[in-house]
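Please look over the sequence and structure shown below. The briefing that follows covers salt bridges, the nonpolar core, the surface, the backbone and model confidence.

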Amino acid sequence: MSQFDQFISTIKKNGIAKNSHFFCDIVPPPFMIQTTSPIKETIPFYVESVSLPEFALATQTVKDTGLNREVVYDKMYGSVGMNLFSDQNMTIKKFFDDWAMATVLSKGGRFMYPESYTAETLSIFQIDTAKNVTYCVLLNNVYPKIIDDTMMNAEGNGKLQFRVQFT
């Protein structure tokens, strides 16, 4: 069997993951669970796209028997971007606005402790065509760091979208 035939056979057997087959689930911070239970169940259906977080290894140069080499000393994760559609009543947009604003304790510029505003988990599931989970990323202690501007247009008939960046 040629290498090309083996390639075709492997792709036919294993397939290729589809970037449109995903599902997100957010367990919001405890203070939001009571007031947002129905919204929490709705949000996954309004996620247009989500980026899996970047993973990087932090390294430093060390001298090893006269040669310099890079060794790992820490792991780092990037932020997660999520594009969402808003529902007609803007409750999903308000949900994220309220969550971000909850980090501020008062008008005096004091901020809450992270334990009070971070989500228990943000889960991103990759699913196959049979709807089986094939890959899962569980992120702990996340919160919306940036809620990007939302473009509105008097001439457009498009869907209202906004982007939330989690850290």
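In this predicted model, the side chains of Asp97 and Lys93 form a salt bridge, with N and O 3.0 Å apart. A salt bridge here is a side-chain nitrogen of Lys or Arg within 4 Å of a carboxyl oxygen of Asp or Glu. By this rule there are 3 salt bridges.

Residues are numbered from 1 along each chain as its sequence is written, and side-chain values use heavy atoms, with hydrogens and water left out. Local features need pLDDT of at least 70 and side-chain atom pairs count only at pLDDT 80 or more, while totals for chains, interfaces and linings use all residues.

**Salt bridges**

- Asp97 and Lys93 are 4 residues apart in helix H3 (residues 91-101), which means that about one helical turn separates them. Helices (H or I, at least four residues) and strands (E, at least two) are DSSP runs, numbered from the N terminus.
- Lys93 is buried at 13% relative accessibility, whereas Asp97 is partly exposed at 26%. Buried means under 20% relative accessible area, exposed over 50%, and partly exposed in between (1.4 Å probe, protein chains only).
- Arg163 pairs with Asp148, and their closest N and O atoms are 3.9 Å apart. Arg163 is in strand S9 (residues 161-166) and Asp148 is in the loop between strand S8 (144-147) and S9, so this pair ties together parts 15 residues apart in sequence.
- Both partners are partly exposed, Arg163 with a relative accessible area of 28% and Asp148 with 22%.
- Asp64 forms a salt bridge with Arg69, at 3.3 Å between the closest N and O atoms. Asp64 is partly exposed at 30%, and Arg69 is partly exposed at 47%.

**Nonpolar core**

- The largest nonpolar core has 21 residues, of which Leu84, Phe96 and Phe166 touch the most other members. Such a core is a set of buried Ala, Val, Leu, Ile, Met, Phe, Trp, Tyr and Cys residues joined through side-chain atoms within 4.5 Å.
- At least two residues of this core come from each of strand S1 (22-27), strand S5 (80-85), H3, strand S6 (119-127), strand S7 (133-142) and S9. H3 gives the largest share, 4 residues.
- In soluble globular proteins, nonpolar side chains tend to be buried together.

**Nonpolar surface**

- Phe4, Phe7, Ile11 and Ile16 make a nonpolar surface patch of about 440 Å². Patch residues have over 30% relative accessible area and no salt bridge; like charges are joined within 9 Å, and nonpolar side chains (Val, Leu, Ile, Met, Phe, Trp, Tyr) within 5 Å. Accessible areas come from the Shrake-Rupley method with a 1.4 Å probe, and for residues only the protein chains shown count as cover.
- Phe7 lies in helix H1 (residues 3-14) and is partly exposed at 48%.

**Backbone**

- Most residues other than glycine have a negative phi.
- Thr65, not a glycine, has a positive phi of about 50°. Thr65 sits in the loop between strand S3 (55-64) and strand S4 (67-77) and is exposed at 76%.
- Asn141 has a positive phi near 55°. Asn141 belongs to strand S7 and is exposed at 52%.

**Confidence**

- The chain has a mean pLDDT (the predictor's confidence in each residue, from 0 to 100) of 87, and 96% of its residues reach 70 or more.
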